[in-house]
Amino acid sequence: MRGTLITAILLFIFAVVFWFAADAIPKSQLGGTVGADGLPKLLAIALGVLSAGLIVQSLLAMKAAGPAVPAEPKRRSGNIARHLWAAGMIAIGAVYLIVVPYLGYMLSVGLLLLTVALYNGKRPSFGLLLFAALGAGFFYLMFVRLLDVPLPAGFWPALVG
Amino acid sequence: MEGLSYAWHAVSSMPVLAAACGGVLWGILGGALPGVSPSIAMALLLPFTYSLPPLVAVVLLASVYVGAEYGGSIPAILIRTPGTNSAAATTIDGYAMHLQGRGGEALGLSLVGGTIGGLFGLILLTTLTESLANLALLFTPPAYFAMGILGISVIASLSEGALLKGLIAGVLGMMIATVGTDPISGVSRFTFGDPNLLEGIHFILIMLGIFALSELMVQAGESRWREGAVSEAGKATLKLPSLKTLWRLRRAQGIGCALGAVEGAIPGAGGSVAAFLSYNEARRWSKEPEKFGHGSEEGVIAPETANNVVSATALVPTLSFGIPGSNSTAILLGGFLIHGLQPGPLLFTSNPEIVYGLFGGLFTANLLMFLLGMVILGPCIWLVKRPKPYLMAAIFGLVVSGVYSIDHSLFDLWIVLAAGIVGYVMRVLGFPHLPLILGLVLGYMIESNYRRALLMTNGDHIVFLQDNVSLGLLTCAALVIGVSAVREIRRWRKPLVIALPQAQ
């Protein structure tokens, strides 16, 4: 309930910011009677009203539930660990995006396969390496060769000359 | 007759046949993998449809949906883990049959029931869609705007106990749709000077982030996969039911067909509701209700027939009004929009070859599901037994490669990561995904009709109340929200009434 309340407050703030951002959209004579800012402003108002409703709903729910009983520390730390573990997948994706222009697609995607599998509980083994190598080869053949997608080549062309 | 000619032309065209075959194959494999829902299987293919001809692209996506409904029953029967939500009802008697050494029989019932259901749903789709679409020809811009609002309201109101969250998700989806260059005035909105945002945020990126990436995050956060954990899929050889058996099970199939037809056409109801309702009704009307839960054949064929009927009838509101009622049909709508096609009444006159070609493609897909279903069981069992980390890594690899292939932009991948975070946070906080996706795909339609409507009255919003259809639809939207709000308030009060005596 507290999480919902905090989210609702953040959404309300976002609605206000969105309204001002919509108000700052340049006016154009081609925009018609409503203009490019018409619907965004309407949406900002709708979000403001709905998030205010959610704030009220959360407060009422908290009141009805009585004094807040803090969750068991073990369960709470378990939840945090779960979310952090989930966020780790995004971190892996972000690292992939940072390295792919330098290392090139084939190596990066191979490393991505290896890391994601390791991260999710697979022990390092020859089978895992084979999976990453074959997987990278498969993706390379499918996207670069078959579908002709110009995926980043990295430093390899410069190395080969 | 013209429609039949288009359908025949599609069915006899090699690319469409290949798309139906590939889609069904991908759908069965995707559906068989627990954690890969039909919508995720479809979303993963979406980037590949860019370079395909429109008809091939939509047939491919629709065939995935058809295949996934059968695929979901394979792990439901063999390992008691439904591959898709709609296969959950099949788990009860399918797994019981497997334990009795009749797993192959259960798979056969699922396959035949699914094929019958799919073909029955297709008949309804072809007969209902055009007449409903003709009704939609009466729609004016205010009515279209109201239709979009009604669509989002209905979906948001179905968010069990979270009406406000559903509506907020819908508004957020529409907000994302406003990013980019305004199509009417050419003014850029919310781009912060970044040229990557000038064309807006493509809904594919949000769909992949919300569905595929957030699912990977959830699975990563769940209990750890242990080395050596082997899936107990066992062995099973598909055994098709005889005609005599099918005749004996006709009542259960009829129930599946009827409930699947009704539930499919109702936005938000979907295959899982249809499957569970059919299971219950099949038990109620069965001559051997005591067998349910202990390996009843009727308990397998009724839900499997129902969820395959839904895979066809769920397309009725999408094709008639351009309003999708489920995650999968929202992605299919995305497949149409990518190729500049707007599902709705005009599609029947402007692109009849697409609509009737899709019907032909779906017919082929259902037949192919039957044929491929007989031979693909072995690979499916092999796939289900693969370690989960390999599967997750392969999906991640497919997402990053597929997204890059759309616009050759790494910026798009950052958006997918951001959408993944949003999707995960929404799941944790109980915000439903579908209203956001619906707001996103309908955003342009809603805004363009909103502005067109206001041009008629020089900016006066009374136009939405002057148009009878618009007034009717907006009243329906208000009623849907009002009824859900009342129901939610009642649900809130209930625990308090129970709690008071306990407190005393």
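Predicted model: local features only at pLDDT ≥ 70, side-chain atom pairs only at ≥ 80, totals over all residues.
Modeller: Residues are numbered from 1 along each chain as its sequence is written, chains are lettered from A and ligands numbered from 1 in the order in which they are written, and side-chain values use heavy atoms, with hydrogens and water left out.

Biologist: Why does S328(B) count as buried?

Modeller: Buried means under 20% relative accessible area, exposed over 50%, and partly exposed in between, with a 1.4 Å probe and protein chains only. S328(B) has 7% relative accessibility, so the residue counts as buried.

Biologist: What is S328(B) in contact with, leaving aside its neighbours within four places in sequence?

Modeller: Contact means heavy atoms within 4.5 Å. Those neighbours aside, S328(B) touches P38(B), S39(B), M42(B) and Y65(B).

Biologist: What makes the pair of W85(A) and Y119(A) stacked?

Modeller: Rings of Phe, Tyr and Trp (its six-membered ring) pair if their centres lie within 6.5 Å; planes under 30 degrees apart count as stacked, over 60 as edge-to-face and the rest as tilted. The search of the whole structure finds 13 aromatic pairs over all chains. For W85(A) and Y119(A), the centres are 4.7 Å apart and the planes stand at 10°, so the pair is stacked. The two residues lie in helix 3 and helix 4 of chain A, so the pair ties together parts that are 34 residues apart in sequence. Here helices are DSSP runs (H or I, at least four residues), numbered from the N terminus.

Biologist: Why is W85(A) called partly exposed, and why is Y119(A) called buried?

Modeller: W85(A) has a relative accessible area of 34%, so it is partly exposed. Y119(A) has 19%, and is therefore buried.

Biologist: Why is the pair of Y356(B) and F359(B) called edge-to-face?

Modeller: Their ring centres are 5.9 Å apart and their planes stand at 85°, so the pair is edge-to-face. Y356(B) and F359(B) both lie in helix 18 of chain B, three residues apart, about one turn of the helix. Y356(B) is buried at 15% relative accessible area, and F359(B) is buried at 6%.

Biologist: How do you know that the charged end of K41(A) sits over the ring of W19(A)?

Modeller: A charge sits over a ring if NZ of Lys or CZ of Arg is within 6 Å of the ring centre and within 35 degrees of the ring normal. The charged end of K41(A) is 5.0 Å from the ring centre of W19(A). Likewise, R250(B) lies over the face of W247(B), at 4.2 Å from the ring centre.
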